[in-house]
Amino acid sequence: EGRCPVGLKRVSLAEIQRAVQHCVLAHDPSVASAVIAPTEGRAAAHDRLNIYLHGYVSRLTDILRNDYSGLATLVGEAKFSELAEAYIAAYPSHEFNARWYGASLADFLRGTAPDSEGQAAAEMASLDWAIGLCFDAADDISVTPDDLQSVAPDQWPTLRFALSRSLERRGFAWNVGDIRRAIDRSEPLPALCPLPDHQAWVVSRVDTKIFHRAVPPDEAVALDTIAAQGNLADVCERLCEMRPAESVVPRVVELLQGWIASHWLARVYTAP
């Protein structure tokens with residue numbers, strides 16, 4: 001128990017804890033100062049509470065920096081600290097697991113930084129988060145070429161696939177994917193610039209190694225069709241809208257081979 005500095009009223013530990021929590025989450029030490037007894041010869045209650053307040057912001061900033069290393073490199077340390085502090089003020093932590101604290105950072109940047117560089121930062125944050133989700137995703141047993149060899153020819157049009165749970169799809173208007181790749185490889189960073197066309201990217205994992213690359217428009221459409229539980233006939237129909245009909249089947253075969261080699265497919269099954 002404690003007592004108020006101006007009287008002898010006793011205050012329960014739970015009340016003190018709630019007041020300190022309010023101080024930290026609301027950046028308002030006034031309530032806690034009223035229930036924290038002064039200590040003669042030491043720092044004032046307000047100053048002692050600020051230690052917890054700044055420590056809270058510092059620890060969450062470290063968590064965000066770990067989850068968003070690409071963003072931190074893109075905008076620089078000083079700017080990243082400003083963004084993190086603004087995010088922490090807008091999104092007080094309610095997570096028991098700090099891993100998920102930064103889940104809304106990309107959306108926060110989109111809403112609070114409408115300028116073009118802010119949108120590029122939001123895209124980098126989205127890619128950073130996708131890489132983390134990909135790494136944390138549950139393992140799947142990947143489809144192999146042998147799984148397809150037993151499929152009867154008349155069943156191929158009705159084949160459907162489940163994508164790996166580690167697969168993450170993103171779309172970018174800026175070259176953040178190339179920048180993140182350069183960061184990962186410790187190469188000189190390309191200048192930030194808008195892309196001539198919106199670009200689809202896929203983040204995937206093989207064992208514990210993360211890969212991310214741009215995918216051409218027809219591959220993106222094929223993946224989206226499969227993700228929507230479309231079958232191979234649906235994929236071919238969509239690709240016929242994008243390329244000559246005679247090239248569709250060879251292209252689908254090429255895509256399937258690449259997806260199997262990259263462990264993007266977790267299951268194959270037939271359905272009408």
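Which residues do ring pairs link into a cluster? They are Tyr87, Tyr91, Tyr101 and Phe108. Keep in mind that you're looking at a predicted model.

Aromatic pairs turn up elsewhere too: the count comes to 7 aromatic pairs. Let's zoom in on one of them, formed by tyrosine 87 and tyrosine 101. Their ring centres are 5.4 Å apart and their planes make an angle of 70°, so with anything over 60 counting as edge-to-face, that's the label this pair gets. Now see where the two partners sit. Tyrosine 87 belongs to helix 5 (residues 77-90), while tyrosine 101 is in the loop between helix 5 and helix 6 (105-112), so the pair ties together parts that are 14 residues apart in sequence. Both tyrosine 87 and tyrosine 101 are buried.

Next, find tryptophan 100 and tryptophan 129, another edge-to-face pair, with 6.1 Å from centre to centre and 70° between the planes. This pair links distant parts of the chain, 29 residues apart: tryptophan 100 is in the loop between helix 5 and helix 6, and tryptophan 129 is in helix 7 (residues 116-136).

Are these two tryptophans buried or exposed? Tryptophan 129 has a relative accessible area of 9%, and under 20% means buried, so it is buried. Tryptophan 100 comes in at 35%, which means it counts as partly exposed.

Arginine 99 lies over the face of tryptophan 129, 4.6 Å from the ring centre.

Note on methods. Residues are numbered from 1 along each chain as its sequence is written. This is a predicted model: local features need pLDDT of at least 70, side-chain atom pairs count only at pLDDT 80 or more; totals for chains, interfaces and linings use all residues. Side-chain values use heavy atoms; hydrogens and water are left out. Rings of Phe, Tyr and Trp (its six-membered ring) pair if their centres lie within 6.5 Å; planes under 30 degrees apart count as stacked, over 60 as edge-to-face and the rest as tilted. Helices (H or I, at least four residues) and strands (E, at least two) are DSSP runs, numbered from the N terminus. Buried means under 20% relative accessible area, exposed over 50%, partly exposed in between (1.4 Å probe, protein chains only). A charge sits over a ring if NZ of Lys or CZ of Arg is within 6 Å of the ring centre and within 35 degrees of the ring normal.
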